[in-house]
Amino acid sequence: RMVHIGRQPIHDVDSSIYGYELLFRDAGQARTAQVDDGDGDQATTSTILAAFSDFAVHDLLGGLPGFVNLTRAFLVGQLPVPFETDQAVLEVLETVSLDQEVLAGVEQLHAQGYQIALDDFVWTPGAERLIELASIVKIDVLEQTWEGVMETVEHCRRPGVRLLAEKVEDAAMLERCRETGFTLFQGYHLGRPQTLTTGSLSPDHLIAMQLLVRLSRPEVSIGE
């Protein structure tokens, strides 16, 4: 079985790669995620499993953090987050309703030592607590007016919070974001998502391989 994962670089102010956003891919030639309504948990699970079991993490990330989108089920603890705190930055999607259960879940993940990023963040009243928990705020600089970008930026200028400009499409926008105070950057101008593919053993195949290894040993008894 072949598994696929998208990887898009995130750069810092020195144009060095800071980390990679990991993206769900259902095919080796896919350039975007094909996710049906209600299948967000499955897509997130597939991305996490591919990144941290099927691929060699160091080969995939080169020792840099991987940014992973988390759906509500992961944020509130219904599904486990199965990797170490230094391996991933957990992204809170803009589509997740920020109720008390989600905020409590994000607080717990933050207390465990995970970096929290707010994805496609747009300022709304009541988001103060979420910003306090965040290490990185990702702001879409393409799909909204610059006035809207600046409003969000001003609300997020807090100690310990780094601003990440998403969808940086050209050199002029990159420079504008740098001058505004963004310190992380992501977009087609810096690097398009790359789809990586590797082979994966299914659980049944893995068990069969283990059985073959046991059967090859001369000391295995008929009872075993």
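Author: A residue counts as buried when its relative accessible area is under 20%. By that cut-off, 43% of the 224 residues of the protein chain are buried. Do keep in mind that this is a predicted model. Its secondary structure comes to 8 helices and 9 strands.

Reader: Now to helices H6 and H7. What makes their arrangement roughly parallel, roughly perpendicular or oblique?

Author: The angle decides. The axes of H6 (residues 146-156) and H7 (residues 171-180) cross at roughly 30° and come within 12 Å. Angles under 35 degrees count as roughly parallel, and H6 and H7 are therefore roughly parallel to each other. The crossing of H6 past H7 is right-handed.

Reader: Which residues meet where H6 touches H7, and what kinds are they?

Author: From H6 come Trp-146, Met-150 and Val-153, and they meet Met-173, Arg-176, Cys-177 and Thr-180 of H7. Sorted by type, the residues of this contact are 5 nonpolar, 1 polar and 1 charged. Arg counts as charged, and that is why Arg-176 goes into the charged group.

Reader: How do you know where the buried residues of H6 sit around its axis?

Author: Those residues are Trp-146, Gly-148, Val-149, Thr-152, Val-153 and Cys-156. Looking down the axis of H6, they fall within an arc of 160°, so they line one face of the helix. Their packing partners are H5, strand E6 (136-140), E7 and H7.

Reader: What makes residues three or four places apart in an α-helix point the same way?

Author: An α-helix has 3.6 residues a turn, so residues with that spacing point the same way.

Reader: Which arc do the buried residues of H7 cover, and which residues are exposed on the other side?

Author: Met-173, Leu-174, Cys-177 and Thr-180 are the buried residues of H7. Their arc around the axis is only 125°, which puts them on the same side of H7. They pack against H6, strand E7 (162-166) and strand E8 (184-185). On the other side of H7 are Ala-172 and Glu-179, both exposed; exposed means over 50% relative accessible area.

Reader: Let's turn to the backbone. What makes the phi of Asp-120 worth a comment?

Author: Its phi is positive, about 50°, although Asp-120 is not a glycine. Asp-120 is in the loop between strand E5 (115-118) and helix H5 (128-133).

Reader: What is the phi of Lys-167, and why is Lys-167 called buried, partly exposed or exposed?

Author: Lys-167, a residue other than glycine, has a positive phi near 60°. Lys-167 is located in the loop between E7 and H7. Its relative accessibility is 35%. Buried would need under 20% and exposed over 50%, so Lys-167 counts as partly exposed.

Technical notes
Residues are numbered from 1 along each chain as its sequence is written. This is a predicted model: local features need pLDDT of at least 70, side-chain atom pairs count only at pLDDT 80 or more; totals for chains, interfaces and linings use all residues. Side-chain values use heavy atoms; hydrogens and water are left out. Axes are lines fitted to C-alpha atoms, for helices over the stretch in contact, and angles run from 0 to 180 degrees between N-to-C directions. Helices (H or I, at least four residues) and strands (E, at least two) are DSSP runs, numbered from the N terminus. Angles under 35 degrees count as roughly parallel, over 145 as roughly antiparallel, 65 to 115 as roughly perpendicular and the rest as oblique. A crossing is left-handed if the near helix is turned anticlockwise from the far one by less than a right angle, and right-handed if clockwise. Contact means heavy atoms within 4.5 Å. Buried means under 20% relative accessible area, exposed over 50%, partly exposed in between (1.4 Å probe, protein chains only). The arc is that of the directions from the helix axis to the C-beta atoms.
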